[in-house]
Amino acid sequence: MISVLVVEDEEITAEANRLYVERVPGFRVEGVARSGGEALRFVRRRPVDLILLDLYLPDMHGLEVCRALRAAGVLSDVIAVTSARDLSVVRSAVSVGVAQYLLKPFTFASLSEKLTRYARFRSSVEGAGEVGGQNEVDRALAALRGPGHSPLPKGMASVTLDAVLAELRKAPQGVSAQAAGTAIGISRVTARRYLEHLTDSGVVRRVPQYGGVGRPELLYRIV
């Protein structure tokens, strides 16, 4: 079993991430830390194989946590989980040993793929001794850094899914299928299909909006 520490300051998100990790065969969550300091104290007492690390923590940046881990000789691998889309942050993450980078909001399928690839990487390098050549090194790294997008249901496109997610991020109070469709130039039915896919994936939740006559309007809000 691959042992994991989940580091996330938001209680609901931390619990969701814990449940996600434990749904992936071969992984076990050893603990949940709500701050960088708590994470550092945890791994010093109880080393883990992998840290699922939010970069924006209340006491320090996640990259500071990574530097402190390496300075203390802690060799746990790190998957950074963050909403940061600045490429300078990505470069800094790579420089301090972050193995993979997962953008919020993400689906269970996205996290599962990252973890599965990480497990393949570990199995390809553990106890292997010296490699026979460059091809073996390339294969090991390919297991870790292969394509990062899980297949979408038939008829759905990643560019449209990204556009729907962008509209959701603009409206923290929630957005209707009609509003999302109008904003990105697709039909209400198509927008609703994408929103329902995100809901089924655990990224979005439905929120009934009362106030008018008849049935309440259904809004979708990022979890």
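**View 1. A three-stranded open sheet with the order β6-β8-β7 and antiparallel pairing.** Strands here are DSSP runs of E with at least two residues, helices are runs of H or I with at least four, and both are numbered from the N terminus. Two strands count as paired if DSSP finds at least two bridges between them. The edges belong to β6 (175-176) and β7 (204-209); each has a single partner strand, so one side of each lacks a neighbour in the sheet. Between β6 and β8 (residues 217-222) there are two bridges, in the antiparallel sense. Look for V175, which sits opposite Y220 in β8. Helix α7 (residues 158-170) packs on this sheet and touches β6, β7 and β8, with its direction at about 95 degrees to that of β8. Contact means heavy atoms within 4.5 Å. The axes are lines fitted to C-alpha atoms, for helices over the stretch in contact, and the angles run from 0 to 180 degrees between N-to-C directions.

A word on the model before moving on: it is predicted, with local features needing pLDDT of at least 70 and side-chain atom pairs counting only at pLDDT 80 or more, while totals for chains, interfaces and linings use all residues. Residues are numbered from 1 along each chain as its sequence is written, and side-chain values use heavy atoms, leaving out hydrogens and water.

**View 2. Strand β1 (residues 2-7), covered on both faces.** Six of the six residues in β1 are buried, where buried means under 20% relative accessible area, exposed means over 50%, and partly exposed is in between (1.4 Å probe, protein chains only). In a regular strand the side chains alternate between the two faces of the sheet. In β1, one side carries I2, V4 and V6, the other S3, L5 and V7, and all of these are buried. There are parallel partners to pick out too: six bridges join β1 to β2 (residues 27-33), and four join β1 to β3 (residues 50-54). V6 is a handy landmark, standing opposite V32 in β2 and also opposite L52 in β3.

**View 3. The crossover from β1 to β2 by way of helix α1.** β1 and β2 run parallel, with six bridges between them. To get from β1 to β2, the chain goes through α1 (residues 11-23), making a right-handed β-α-β crossover. Right-handed means that, with the strands pointing away from the viewer, the path from the first strand over the helix to the second runs clockwise.

**View 4. S76, a buried serine in a loop.** S76 sits in the loop between α3 (62-71) and β4 (77-82). Its relative accessibility is 4%, so S76 counts as buried. What does the side chain of S76 reach? The backbone oxygen of V48, at 2.6 Å. Setting aside neighbours within four places in sequence, S76 is in contact with V48, D49, I51 and R70.

**View 5. A salt-bridge network of E8, D54 and K104.** Side chains of opposite charge can pair when their charged atoms come close. A salt bridge here is a side-chain nitrogen of Lys or Arg within 4 Å of a carboxyl oxygen of Asp or Glu, and the whole structure has ten of them. K104 pairs with E8, their closest N and O atoms being 3.0 Å apart. That pair links distant parts of the chain, 96 residues apart: K104 is in the loop between β5 (98-103) and α5 (108-125), and E8 is in the loop between β1 and α1. K104 also bridges to D54, with the closest N and O atoms 3.2 Å apart. D54 lies in β3 and K104 in the loop between β5 and α5, so this pair ties together parts 50 residues apart in sequence.

View 6. Buried or exposed, what is E167? E167 counts as buried, at 15% relative accessibility, whereas K170 counts as exposed at 62%.

Conventions: A polar contact is a pair of N or O atoms within 3.5 Å; within protein, one must be able to donate a hydrogen and the other to accept it, and residues adjacent in sequence count only if both atoms are side-chain atoms.
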